[in-house]
Amino acid sequence: MNNLLKLDKKYLWHPFTQAREWEIDLSPSLMITRGRGIYLYDSRGKKYIDGTSSLWANIHGHRCRAIDASIRAQLNKVAHTTFLGLTHQPGILFARELVKISPAGLNRVFYSDNGSTAVEVALKMAFQYRAQSGKPGHPVKLEFLALKNSYHGDTLGAVSVGGTDLFHKLFKPLLFKTRFAMSPHCLRCPHNKSRRLRDLPREVLAYRYNGETPKPGDKRPRTDCRWECLKEVEAILKKHGKNIAGAIVEPVVQGAGGMIVMPPGYLKGFELLCKKYEILLILDEVLTGFGRTGKIFACAHENVKPDLLCLSKGITGGYMPLAATLASEKIFRAFLGEYEDYKTFFHGHTYTANPLACSAGRASLKLARAKAFLTGIKKLEKLFTGLLSEILPLPFVGHIRQAGLIAGIEIVKDKNTLEHFPPSLRIGKRICDEARKSGIILRPLGDVLVLIPPLSIKERELAALVGNLKVSMGRISYEY
Ligand SMILES: *Cc1c(COP(=O)(O)O)cnc(C)c1O
């Protein structure tokens, strides 16, 4: 096994990894040899809780019997055939099932193979739709609207609408124009300097964000919030709407930006603004889809209906690379014409709609459609909230945010000012390295610890996950 690790260091270039650290850092390089349920096993046989769901993708655990069987059955027929000009049963049936569970109006499924391509497809569809349905003589809409702190993938179109400078800044000269509105991040809201909201649970926040005027004697917490974040969206749409082909947002949780949970009401407000200014709404549910936030899709929390919906990660239960972009019939119709009209959507990937992946997706979705699935997540979500509340009082914990089975724990140098530790301290990484010793695999986002367990986790396992993390947080030194 040491030999294999040597080969790894000789031949590989790992994603989102500083190769120099990877090379010298022999001990934490883990080689995973197998998995079962929420557990992963390394080459020494040590067992770990998969606290990141193998990068936010796994839903029903590893070696899930129904998904294994579904892939095997398909493997006995054929592993891959193209979807360009041909079709197959798993691709057809899975599309019907996806349409059934999606917000009303989304009737067409366009497959690809990862979250970034799901976003690329949506952006290109929006652009082409606008180009083809504009009145003759009208300028082409060249811009998009997105949010700061957003993350939509690593291909250049997805990077163009990405609002995370750390990943995206360098590539700016290569990107198309995007207008960024402020992130709906109440904790660090420049308009709410008192920050009285920061420890309040979501339900309490809900009172304050629907624009109502408090009645005398109303003891509910207040802020001076005037929906400045939505006002920024509106200002952009008002001024530049005629040039904007679409607006893209991660509903409820901005994932890679730091697991930032939006205040309730924001998403609905965003949708209404898109309607008002006739802008196509693209929802990126690559992270939040398939039960992660407690509903099959996060947009259902506020009954929001997008024009385009991007899905990946959990779509196969975290088994195989697959993605889908769902589009409304209206958008689909605008691409119909004679071949020589060139209204065709000229886009597709070699492994588009891979039959093994579609089979995995069908089996995973069947499990997710069982009644007990969402009620189970609700129960876990509640328990999770309780467990996380025991982490909040720890020194250096600035904020905890949660939506369903997603949690972000923000580590800060000062609980009052919320100032961060210097990046060179690698505080997030050091906590996660420590946690690994106690048998949990986590990957931080800078100074935000991220907990995203498989949705099949049991109550006592969730308690062990949070409990072990708490102990690990107490073990490392915060001196610098
Ligand atoms: C992970 C992610 C992507 C990109 O998906 P990949 O499969 O890694 O390309 C896009 N959008 C969101 C919200 C994500 O979390």
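What radius of gyration would a compact globule with 480 residues have, and what does the protein chain have? A compact globule of that length would come near 23 Å, and the protein chain has 23 Å, which agrees. The radius is taken over C-alpha atoms, and the globule rule is 2.2 Å times the number of residues to the power 0.38. Along its principal axes the C-alpha trace spans about 70 × 65 × 45 Å.

This is a predicted model: local features need pLDDT of at least 70, side-chain atom pairs count only at pLDDT 80 or more, and totals for chains, interfaces and linings use all residues. Residues are numbered from 1 along each chain as its sequence is written, and side-chain values use heavy atoms, with hydrogens and water left out.

The secondary structure comes to 16 helices and 16 strands. These are DSSP runs numbered from the N terminus (helices H or I, at least four residues; strands E, at least two). The chain is divided into domain 1 (31-63 + 371-475) and domain 2 (68-368). The bounds come from an automatic or database domain assignment. The C-alpha centres of the two domains lie 25 Å apart.

Now look at the interface. Domain 1 puts 39 residues in contact with 33 residues of domain 2, contact meaning heavy atoms within 4.5 Å. Together the domains bury about 2800 Å², 59% of it on carbon and sulfur atoms. Buried area is the accessible area (1.4 Å probe) that two parts lose on being put together, summed over both.

The rule finds 14 residue pairs in polar contact across this interface, both residues at pLDDT 80 or more. A polar contact is a pair of N or O atoms within 3.5 Å; within protein, one must be able to donate a hydrogen and the other to accept it, and residues adjacent in sequence count only if both atoms are side-chain atoms. Several elements each supply at least two residues of the domain 1 side, among them helix 3 (53-56) and helix 14 (371-389). Strand 13 gives the largest share, five residues.

Salt bridges come next. The term means a side-chain nitrogen of Lys or Arg within 4 Å of a carboxyl oxygen of Asp or Glu. The structure holds 16 salt bridges, and the count between domain 1 and domain 2 is two. Arg63 and Asp68 meet in a salt bridge (3.0 Å, N to O). Arg426 forms another with Glu21, the closest N and O atoms being 2.5 Å apart. Arg426 lies in the loop between strand 14 and helix 15 (427-437) and Glu21 in helix 2 (residues 19-24), so the pair ties together parts that are 405 residues apart in sequence.
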